[in-house]
Amino acid sequence: MNTELSIHDFLACPTPAAWVEAALADQQTLLIDHKNNEFKAASTAMALIAKYNQALDLVNFMSRLAREELVHHEQVLRIMKKRRIEPRPVSASRYASGLRKQVRNHEPQKLVDTLVVGAFIEARSCERFEALVPHLDEELGKFYGGLLKSEARHFQGYLKLAYQYGEASDVERAIERVRATERELIESPDQEFRFHSGVPQG
């Protein structure tokens, strides 16, 4: 059991340079999709509270996480307003749904897999903020740099809970399974640019 892995050790691959270039070229979509993802992260945390309300450590962690993600959602909205970026419908990337295909249907394995998937989403978000920060303007760079700590903390929290509520050997197998899928989603071609998309095409 190792919940002190660095994000770079946990993930199977770095973000491709082509994704960073696409993000810098389309910062409007980056911010809109980032806003949506913060809301989804809060929604996921609240759904887990509702489903596993007797797991007190999980409930406490997810309650704090949901509040934090909603604050981030509001912060992105403020940046969008300042930059006169109008919210518009943006379809979800295949990333989260692709990872969730790895979640087993029976408990407690379903909870373990859900928590492992959450750890990968938070880890990749942190890694992408880190990849973008050196290339952004001062305001956005400072904001994304500030998110690195919270995303890393969320990653560690999800991973710790997976080990708490599951058997260590099963958690390790789940991590390996999800890691392979996550790498494929990040390194394979994607038709549309999104915060968690693969290598943009066209």
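## Overall fold

In the protein chain, take the contacts (heavy atoms within 4.5 Å) between residues at least 6 apart in sequence: 80% of them join residues at least 24 apart. The model is predicted; local features need pLDDT of at least 70, side-chain atom pairs count only at pLDDT 80 or more, and totals for chains, interfaces and linings use all residues. Numbering starts from 1 along each chain as its sequence is written, and side-chain values use heavy atoms, with hydrogens and water left out.

The protein chain has eight helices and two strands. These are DSSP runs numbered from the N terminus: helices are H or I with at least four residues, strands are E with at least two. Along the sequence the pattern reads α-α-α-α-α-α-α-α-β-β.

## Size and surface

For 202 residues, a compact globule would have a radius of gyration near 17 Å; the protein chain has 16 Å, which agrees. The radius is taken over C-alpha atoms, and the globule rule is 2.2 Å times the number of residues to the power 0.38. The C-alpha trace spans about 45 × 30 × 30 Å along its principal axes.

Of the 202 residues, 50% are buried. Buried means under 20% relative accessible area, exposed means over 50%, and partly exposed lies in between (1.4 Å probe, protein chains only). The accessible surface of the protein chain is about 10000 Å². Carbon and sulfur atoms own 53% of that surface. Areas come from the Shrake-Rupley method with a 1.4 Å probe; for residues, only the protein chains shown count as cover.

## Aromatic pairs

A search of the whole structure gives eight aromatic pairs. Rings of Phe, Tyr and Trp (its six-membered ring) pair if their centres lie within 6.5 Å; planes under 30 degrees apart are stacked, over 60 edge-to-face, and the rest tilted. One of the pairs is Phe10 with Phe155: the centres are 4.8 Å apart and the planes stand at 50°, so this pair is tilted. Phe10 sits in helix 1 (residues 7-10) and Phe155 in helix 7 (residues 138-165), 145 residues apart. Both Phe10 and Phe155 are buried.

Phe61 and Tyr158 have ring centres 5.8 Å apart and planes at 80°, so they are edge-to-face. Phe61 is in helix 4 (residues 56-82) and Tyr158 in helix 7, so the pair ties together parts 97 residues apart in sequence. Phe61 is buried at 13% relative accessible area. Tyr158 is buried at 4%.

## Cluster and charges over rings

One aromatic cluster is formed by Trp19, Phe129, Phe143, Tyr144, Phe193 and Phe195. Arg128 lies over the face of Trp19, 4.1 Å from the ring centre. Arg179 lies over the face of Phe10, at 5.6 Å from the ring centre. A charge sits over a ring if NZ of Lys or CZ of Arg is within 6 Å of the ring centre and within 35 degrees of the ring normal.

## Cysteines

The structure holds zero disulfides (pairs of cysteine sulfur atoms within 2.5 Å). For Cys13, the nearest cysteine sulfur is that of Cys126, 15 Å away. Cys13 is buried, with a relative accessible area of 5%. Cys126 is buried as well, at 8%.

## Lys110

Lys110 is in helix 6 (residues 109-132). Its relative accessibility is 27%, so Lys110 counts as partly exposed. Leaving aside neighbours within four places in sequence, Lys110 is in contact with Lys51, Tyr52, Val103, Arg104 and Asn105. The C-alpha atoms of Lys110 and Gly166 are 9.8 Å apart, across 56 residues of chain.
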